[in-house]
Amino acid sequence: MKNLYILAILLYSFSFSLFAQENIEFTKKNFPNKKKELKQINNDIAQANSYFEMYVPAYILALDLYEKAHNFNPNNAEINYKIGVCLLNTTRKFDALPYFEKAKKLKRDVAPDIDYNIGRGYHLSQEWDKAIAQYQDYRKTLNPKSDIKVIKDVDKKIQECISGKKLVQNPKKVWIDNMGAEVNSKHPDYGMILTADASEIFFTSRRPNTTGMRISEFDQYYFEDVYTSTKLNGKWTTAMNVGNPINTNGHDATVALSPDGSKMIIYLDNDGDGNLYESVRTGNDWSKPKAFNKEVNSKYHEASAWYSPDGNQLYFISERPLGSRGDPKDRDIYVATWDENKEAWLNVQRLPDNVNTEYDEDGVFMHPDGKTLYFSSKGHNSMGGYDVFKTVKQEDGSWSNPENMGYPINTPDDDIFFTMAANGRDAYMTSYRKEGMGDKDLYKITILEMKDPVLNGEEMLLANATTNVKAGDIDVLFPESGSKLMILRGTVRDAKTNEPVGSSIELIDNNLNKTISKFNSDKENGRYLVSLPGGKDYGLAVKANGYLFHSENFNVKETDGYQEVELDIFLHKLDVGSTIALRNVFFDLNKYTLRDASVNELDRVVEIMKEYPKMEIELSGHTDSRGSASYNKNLSENRAKAVVDYLVERGIDRSRLTFAGYGFEKTIISDQEIAKMKRESDKEAAHQANRRTELKILKM
Amino acid sequence: MNILLKVMFSTCFLVLTFSTKGQEPNADAKLHYTRGSVAYESKDYSTAITEFQQAIENAPEFTSARMSLAYSYIETNQIEKAEEQFLAITKYLENPHLQFFELGLIAENSGDLEKAIEYSNQAIHSGKDAKYYYQRGIQHFKNESYAEAINDFSETLKLNPQFKDAYNDRGSAHRMQKDNESAIKDYKQAKDLGRGSVIAYNNLGNTYRETGEYKEAINVYNTALSISKDNPMVLNNRGLAKFNNGDLEGAIEDFKKVIQIQPDNASAYNNLAGVYIEKEDYEKAIEYSSKSLSKDEDYAYAYYNRAVAYEMLRKDIQACQDWQKAADLGIKAAESYSNKMNCEN
């Protein structure tokens, strides 16, 4: 009987020893027959430790050596722990958790923050409750007096888990697709910037054909360079290095692109100062990047930026101290305004505290609608690291409380460099995902606008059914679509030769008679692109030396939804016979009184008449084909005369001006063509095109 | 032909007397009139017209003959000639309210509502009758002058508080003015008077549905269906209320029943598509919206629903085609969705 007991105890101890792992140190005692390898491994560990303990740890270099050690001896607590830490600081962070768990199993007190790191592992795997439990265990070990900062960090992590749990329960309907092998590589690809119509992109990559072929000693990746790709027939072309002068032998990273793609902002490290530079494109050539003025590029780190669509404001990230807060190294969002007289970005303002937090903000992007600002933040209700948020500028200049973009756009890892096309449907982000090409990749996020199905009831409103009236669309309410803006793009060309023309383009708010912005068409290819947020009546004036100005009008209603309009503009030389339509001359309905909104356009005519004092012109009125011929002829003549009267009032000699009313004798778009159009909106646009005041040069 | 018109004509025909302005028609005129009446009764309208014309030739002021001739013209779809006769009569009678009323009906049926209202004004001026106010109310309604319609229906009810159709129609006018509370009150009156009109129940149900009172709407539709079993209009609307109330299976059942009764009902097929979109069964949604389009190839809402389903299945080319078709058929939102998907490219 006694023997049975002893046997049972022995068996129990044996089985216990099987489950309780023993921490095995790298000693000769433990590896008696592997002296040579052990010596090498210990050297590797020492080297790895030196990398690990650097001021800026070289985790990738350390990891490589620790993993060798681990292969030799997988049961060392410290090595497992350090591998975990290294992994957490690389793109293999999702692999860290098993190492931490093993480290703790091997030695409970392997490191004071082991519970914290296990918590980090669960956090990244979205095992929220387990993560919270680990964080709480770690918190209990901290000293409330001396570990205030650490406690704050742990509390933040717990809060992030709570946020994460909530956000994951209400996922956003999105599709997340890797941008594919034409764009991505097995090397880090990130920081995508795009034109407003998402037809062209630039991004940062650390692939082998970097300019200068240098490799970073810290992370062993190639130096950063800027690459580009274009959308052709719905597919992205193979990414190309943009070359000099944007790319140099150092790190060159993308930051921002103007909506028309004519200006790019890049980031240069400047030995840790971190500054923003601007390059301007002509055709396919970029200028040497020039630093922003010191109001933007302070002596602190500036990392990210984006232009407002009218080009008048620059939103950017800076680590400058806040004055009374004085926190160094807290990245916040600022905005600067372009001063045309001083040709500088001035009047820098920090965005308010409901947007900026005590934690870092980064990756700022202003949508082409001019009011929705996307940015990443480690504060607010982030679920971990940087999350993407959006805030909307209000009429009174304040900003709405930022809204987390939700899961799966946001994850417990850093989610940053979020950009969006003008259509509000296609967004882009950098992410590390298992299904990627290796390391960070660029992803397209399709944001699905939930469209309710349309069901139709049946109505018989009147009791007498045979004379009945149906209510039509009583039941049907179509959801408003997200982006209410128009993207206008095309080329500016010579009307005779069809050659591209570099021109200045002025965008005017017709209701306020105020210039909103000025930009240019490309000298080499004539290209231009402008974003017109909904809710305004826009005038567009295109000017170039030696040409008659060109006028267009776009009344973009908020209810119009998203539109992309292709418009090639043909400029006529200042010659006898050249004719333009003055699209921003307005009259009240059926009347010939000029509306105030016409002033800007007519003053342009005054300007050109004064510039060419011998010029004589005809102003002619034209109507659409609806209504009687005599009525329309009469109205159009009166309207032309009203324009002449205005010009005379502005000092132009009446003898230089002739007027005529043509009614609908000279429509641009014929009735037959209009009848063939399917959509009412197209028909109405055609009628509107026919209604115009024209200017024709009679004499120079 | 307008039922009301027919009723009026028949009634008038029965009570016609040999009315003239002061003078008795001569014997020949009476003879032709009698022959015409006999021919009219036996639906020999051609003979009736000839005889009445002869009667009028003999006695131009023979208003009864002119009335009968007008009705004969209406029966043979010679509306303009009927109009001429009614107009002629107005010269011979002191209070030609009935004639103006008939003229109003003719103008209404030909779509000239302004003219119809003018005639109705004259009818009312000559003789205040509930039916004149009622008809003018309808004309105002069709002309989208709902405030005026409400006034006329109210006048109708002052003259005849039992005129339940006026309650129904006034309710609809309130509804068009977004005054659902008043609409509900009137519809309830309409359905409570007499044996209850399915149309009034249907309208009441639809109003409850619009105000979000889906359960109430369903109850009303149920009552309507007890009066008019398997009425497809009511079934369709009940299906919609069930859908709004989250009872997707119930909605499917009702829409399928509508299809059983009306196999060519494009709206019912499309409604089924809508339910399947809600259930995220996009393949089925495509199936039903396609069926809807096979019944009505220009049904814009079916293109819309099918586009939604295609888009959710990531069949972008098909989605684009349907968005563009929906936009061509007048759904402006579809144009924006098409632009956002970059369909042109």
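A polar contact, as I use the term here, is a pair of N or O atoms within 3.5 Å; within protein, one must be able to donate a hydrogen and the other to accept it. I am working from a predicted model.

**Entry 1. T210(A)**

Where is T210(A) found? I placed T210(A) in the loop between β3 (200-205) and β4 (225-232) of chain A. Is T210(A) buried or exposed? I read 2% relative accessibility for T210(A), so I noted this residue as buried.

Next I listed contacts, leaving aside neighbours within four places in sequence. T210(A) is in contact with Y222(A), F223(A), E224(A), D225(A), Y227(A) and N241(A). I checked N241(A) separately. T210(A) and N241(A) are 31 residues apart in sequence, and their C-alpha atoms are 7.8 Å apart in space.

**Entry 2. Cysteines**

How many disulfides does a search of the whole structure find? I got 1 over all chains. The pair is C320(B) and C343(B), with the sulfur atoms 2.0 Å apart.

C320(B) is in helix α19 (residues 316-328) of chain B, and C343(B) is in the segment after α20 (332-340) of chain B. The pair is 23 residues apart and links distant parts of the chain.

Why is the disulfide of C320(B) and C343(B) left-handed? The torsion about the S-S bond is about -80°, so I wrote down left-handed. I also checked burial, and both C320(B) and C343(B) are buried.

I looked at two cysteines in chain A as well. C86(A) has 0% relative accessibility, so C86(A) counts as buried. C161(A) also comes out buried, with a relative accessible area of 0%.

I reminded myself of the general point first. Side chains of opposite charge can pair when their charged atoms come close. I counted 65 salt bridges over all chains of the structure. I followed up a few.

R92(A) pairs with D95(A), and the closest N and O atoms are 3.8 Å apart. I checked the exposure of both ends. R92(A) is partly exposed, at a relative accessible area of 30%. D95(A) counts as partly exposed too, at 35% relative accessibility.

D137(A) forms a salt bridge with K140(A), with 3.7 Å between the closest N and O atoms. I found both residues in helix α7 (residues 128-140) of chain A. They are 3 residues apart, about one turn of the helix. D137(A) is partly exposed, with a relative accessible area of 32%. K140(A) counts as exposed, at 67% relative accessibility.

The side chains of E684(A) and R626(A) also meet in a salt bridge, at 3.3 Å, N to O. What does this pair tie together? I found E684(A) in helix α12 (residues 680-690) of chain A, and R626(A) in the loop between β32 (616-622) and α10 (629-649) of chain A. The pair therefore ties together parts that are 58 residues apart in sequence. E684(A) is partly exposed at a relative accessible area of 35%. R626(A) is partly exposed as well, at 39%.

One network joins R425(A), D426(A), K444(A), K451(A) and E311(B).

**Entry 3. Chain B against chain A**

How many residues does the contact take from each chain? I counted 59 residues from chain B and 46 residues from chain A.

I looked up the area next. Chain B and chain A bury about 4,500 Å² between them, with 53% of it on carbon and sulfur atoms. In chain B, the residues that lose the most area to chain A are Y301(B), R314(B) and K340(B). Together they make up 17% of what that side buries.

I counted 9 salt bridges between chain B and chain A. One salt bridge brings together the side chains of E335(B) and R679(A), at 3.8 Å, N to O. I also counted 26 residue pairs in polar contact between chain B and chain A, both residues at pLDDT 80 or more.

Last, I sorted the residues on the side of chain B that touches chain A. I got 25 nonpolar, 19 polar and 15 charged.

How values were computed. Residues numbered from 1 in each chain as written. Chains lettered and ligands numbered in written order. Predicted model: local features only at pLDDT ≥ 70, side-chain atom pairs only at ≥ 80, totals over all residues. Heavy atoms only, no water. Contact = heavy atoms within 4.5 Å. Buried area = accessible area lost by both parts, 1.4 Å probe. Salt bridge = Lys/Arg side-chain N within 4 Å of Asp/Glu carboxyl O. Polar contact = N/O pair within 3.5 Å; in protein donor to acceptor, adjacent residues only side chain to side chain. Nonpolar A, V, L, I, M, F, W, Y, C, P; charged D, E, K, R; others polar. Disulfide = S-S within 2.5 Å. Helix = DSSP H or I, 4+ residues; strand = E, 2+ residues; numbered from the N terminus. Buried < 20%, exposed > 50% of the residue type's maximum accessible area, 1.4 Å probe, protein only.
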